[in-house]
Every structure is written in C-alpha cells, then in structure tokens.
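Trainee: I have a new structure to look at and would like to go through it with you. Could you bring it up on the screen?

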Amino acid sequence: RTARTLRRLRPSGDAFADAVRLGPVAMLIAHGLIARSERPARRSQLAPRSAGATTASDASPIVLVQCESFFDARRALPFLPPHILAGYEAACAGGVSGRLAVPAWGANTMRAEFQVLTGLDDAALGYDRFNPYHALARAPVGSHVWRLREAGYRTICLHPFDRGFFRRDLAMPALGFERFLGRETLGGARTPPYMSDPELARHILRVVEETGPRVFVFAITMGNHGPWFKERPGEDRLGIDLPDIAQHDELSRYLAGLRGSDEMLQVLIDELSRRHPGAALGFYGDHLPSLPSAFAHLDFDDWRSDYAVWCPSRTPKPRRDVDLAAYELGRVLLDLAREPSTAAARAAVAVEPHPA
C-alpha cells in the first residue's frame with residue numbers, strides 16, 4: 001500500500017532526476033519501498049531454472065577477472081607508451097576485445113559485477129539495479145555461474161577483501177558459487193596497501209591447479225582500488241613524466257597500479273598458455289577510476305571501461321574488436337570457451353542481448 005501511494009509521486013527511476021524533483025531523502029524512500037514491493041515477483045522471475053544436464057565439450061579452465069578501476073588509459077592519455085599495457089595487448093591479440101559499457105562511474109562495483117555474472121541489464125532489475133546485492137541477491141538468481149555449475153564446472157570466487165563487504169558472503173552463493181574465498185583465506189588487507197594484482201594472479205593459478213581443469217574462477221581484484229591520495233608503502237613509481245594535469249599525483253599513482261594490473265594479466269596468459277592451452281580468460285574493468293578533475297582537465301567523458309576475452313585456441317583470426325555492454329560479456333566468454341563456432345559468428349557482427 002505504501003508503494004502504491006509513493007508511485008503517485010510518479011518517480012522516473014532516474015536517481016538524479018528524482019533527487020532534484022522529490023529531494024534526496026524522498027527519492028531514497030520512494031525507490032527503496034517501490035523496489036521492496038516489486039522484489040518478490042522479480043525474484044520468482046529471475047530464479048535459476050534448469051536447462052537439463054549438459055556436459056562441457058572439454059575440460060579447460062575458465063577464468064574471469066574483474067579488475068578494479070581498469071580501463072585503457074591510453075584513450076585519455078594518448079602520449080602513454082604502448083608497453084604500459086603490454087599484457088592487455090597480448091590478451092586482445094588472442095581473442096575478442098573492446099569497450100565495455102558499465103552501469104556506473106568511479107564506484108558501485110557490484111552493478112557491473114552483477115550484470116557480467118547474470119547477463120541481466122538494468123531494465124530487468126528495476127529499482128534493484130542501484131544495488132542488486134542489497135536485497136535482490138539474497139535468494140538464488142539465475143546466472144552464468146549456475147549454468148556452468150550445471151554443466152559440471154566447479155565454481156569458485158576469489159576476493160582478497162572482507163567477504164561481508166557489499167554482503168557478497170550472501171550474494172555469491174545466491175549467484176551459484178560453491179566456494180567464496182576472501183582475505184581470511186587468501187590474505188590481504190582491509191586498508192591500503194591491498195593485495196597486489198600479481199599476487200592475486202598466483203592465487204588464481206593455485207586454485208585452478210588444486211581444483212582441476214573443469215573449473216570456473218571469478219576473481220575480484222583490490223590492488224588498484226582508490227583513493228590515490230598518497231603513495232602506498234612499496235608502491236612502484238610510474239617512471240613516466242606526466243604533464244601538468246589536475247590530480248597529477250593521484251593519476252600517477254593510479255597509472256602505477258594499472259601497470260600492476262597489466263602484469264597480473266600477463267602472468268595469467270603466460271601460465272595458462274603453458275599449463276592449460278585450451279583455457280579461456282576474461283578480463284574487464286568494473287568502472288573508471290574516480291579521478292573527476294583529471295578527466296575534466298583532459299576533456300575525457302567516456303564512461304566505458306575496457307575488456308578482453310583471451311582464448312587463442314578457439315578465436316578466429318584476425319582479432320575481433322567488439323564493443324559490449326556489461327551484461328553481454330559473460331555470454332561472449334562462455335561462447336568462446338565452450339561454443340567456438342557460435343562465438344566466431346557473434347564476434348563478427350553486433351552482439352545480441354541474451355536472456356538470463
């Protein structure tokens with residue numbers, strides 16, 4: 001009844017517009033209570049549904065890395081040397097890559113994370129899109145993770161941080177992960193300096209070797225998490241002289257962290273190539289770094305991050321450049337890993353949305 005009353009205020013669902021028209025507090029109340037009233041029907045609609053037992057055509061690992069604040073910084077800073085993202089270039093050369101339209105800027109990691117894992121866009125989530133982990137994902141939600149699990153894959157999530165943050169401790173099992181390893185198991189800190197991305201790469205490879213080839217590993221990095229106000233102990237300097245740019249020091253430290261993320265990607269490519277030639281590796285940025293003054297100074301306003309799906313044994317040559325929305329990425333990774341002919345056809349044309 002309360003939700004019906006609040007709908008008479010005719011909220012648009014756009015947080016900025018509703019905050020201006022209704023006021024921030026009224027907007028939060030209206031969005032929250034309307035989301036709550038819609039949630040039971042949405043949960044029923046989005047619950048996992050069995051497609052029948054299937055068996056993967058081979059037994060090769062599938063690894064997906066959500067890299068904190070990653071994007072190809074050469075788009076905003078074209079004077080950066082190419083080698084700063086040598087690992088990302090290697091990933092692009094071995095698969096499908098491009099820009100990734102993510103639903104948030106500078107924060108709200110869980111929004112892109114949820115879309116990639118489930119294949120659900122904002123329209124399917126209604127008011128729950130602003131934080132699907134807050135309440136929606138407290139019950140099982142259909143996802144690519146459940147489908148891989150049904151196909152016989154072990155499903156494991158790694159995040160060197162507090163498992164309870166964003167209530168991932170509840171959301172990850174609801175999305176289909178059998179195991180969720182946080183800093184209690186992996187190590188890492190709750191305050192900077194966080195676990196470095198190359199160190200997390202070694203944990204990913206260890207889990208793959210311990211679990212066996214029929215495994216899906218989803219890793220959420222922390223190494224380049226902001227803010228970048230001051231130099232962190234042991235942080236490698238960038239070694240590049242940046243021009244006089246707003247937030248110069250923060251940007252320099254972000255780029256030093258970006259180089260560590262790229263090193264992680266190169267480690268994964270090298271080791272998976274050596275140990276599991278048929279493996280598939282997905283890699284994407286959850287959102288752009290929160291460096292608003294630097295981006296304004298550079299006149300850079302593209303919210304998209306970047307992604308690569310590396311699977312050289314199954315990707316047609318030459319490399320494919322395809323821009324995607326976050327909710328499309330999981331399907332492209334699975335197609336390359338398990339249905340190469342379908343993936344080749346899809347990568348050659350515009351990617352169509354897929355139902356969950």
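Trainee: Among contacts between residues at least 6 apart in sequence, what percentage join residues at least 24 apart?
Mentor: Keeping in mind that this is a predicted model, the share of those contacts that join residues at least 24 apart is 76%.

Trainee: And how many helices and strands are there in the protein?
Mentor: The protein has 14 helices along with nine strands, and of its 356 residues, 53% are buried.

Trainee: Switching to pockets, what volume does the largest pocket have?
Mentor: Its volume is about 560 Å³, and among the 22 residues that line the largest pocket, those closest to its centre are Ala15, Arg111, Arg129, Phe130 and Asn131.

Trainee: Which elements give two or more residues to that lining?
Mentor: Those elements are α2, covering 15-22, and α3, covering 24-46, with α3 giving the largest share, namely six residues. By type, the lining residues divide into eleven nonpolar, six polar and five charged.

Trainee: You mentioned α2, so which residue caps its N-terminal end?
Mentor: That is aspartate 14, which has a side-chain oxygen 3.0 Å from the backbone nitrogen of phenylalanine 16. After α2 comes glycine 23, which has a positive phi, near 100°.

Trainee: Let's change topic to serine 97, is that one buried or exposed?
Mentor: Serine 97, which sits in strand β2, residues 95-101, counts as buried because its relative accessibility is 1%, and the cut-off for buried is under 20%.

Trainee: Which side chain does serine 97 join in a polar contact?
Mentor: The partner is the side chain of aspartate 321, and the polar contact between the two side chains is 3.3 Å.

Trainee: One more residue, then: where does leucine 117 lie?
Mentor: Leucine 117 belongs to helix α5, which runs over residues 109-118, and leucine 117 is buried because its relative accessible area is 2%.

Trainee: Which residues does leucine 117 touch, not counting those up to four places away in sequence?
Mentor: With those left out, leucine 117 touches Leu64, Tyr133, Ser143, His144, Val145, Leu175, Phe177 and Phe218.

Trainee: And how far apart are leucine 117 and tryptophan 146 in space?
Mentor: From C-alpha to C-alpha, leucine 117 and tryptophan 146 are 9.6 Å apart, while in sequence they are 29 residues apart.

Technical notes:
Residues numbered from 1 in each chain as written. Predicted model: local features only at pLDDT ≥ 70, side-chain atom pairs only at ≥ 80, totals over all residues. Heavy atoms only, no water. 1 Å grid on protein atoms, 1.4 Å probe; cavity = no way out; pocket = protein on both sides within 12 Å on 5 of 7 lines; lining within 4 Å. Points joined across faces, edges and corners; volume = space filled by probe spheres on them. Helix = DSSP H or I, 4+ residues; strand = E, 2+ residues; numbered from the N terminus. Nonpolar A, V, L, I, M, F, W, Y, C, P; charged D, E, K, R; others polar. Buried < 20%, exposed > 50% of the residue type's maximum accessible area, 1.4 Å probe, protein only. Polar contact = N/O pair within 3.5 Å; in protein donor to acceptor, adjacent residues only side chain to side chain. Contact = heavy atoms within 4.5 Å.
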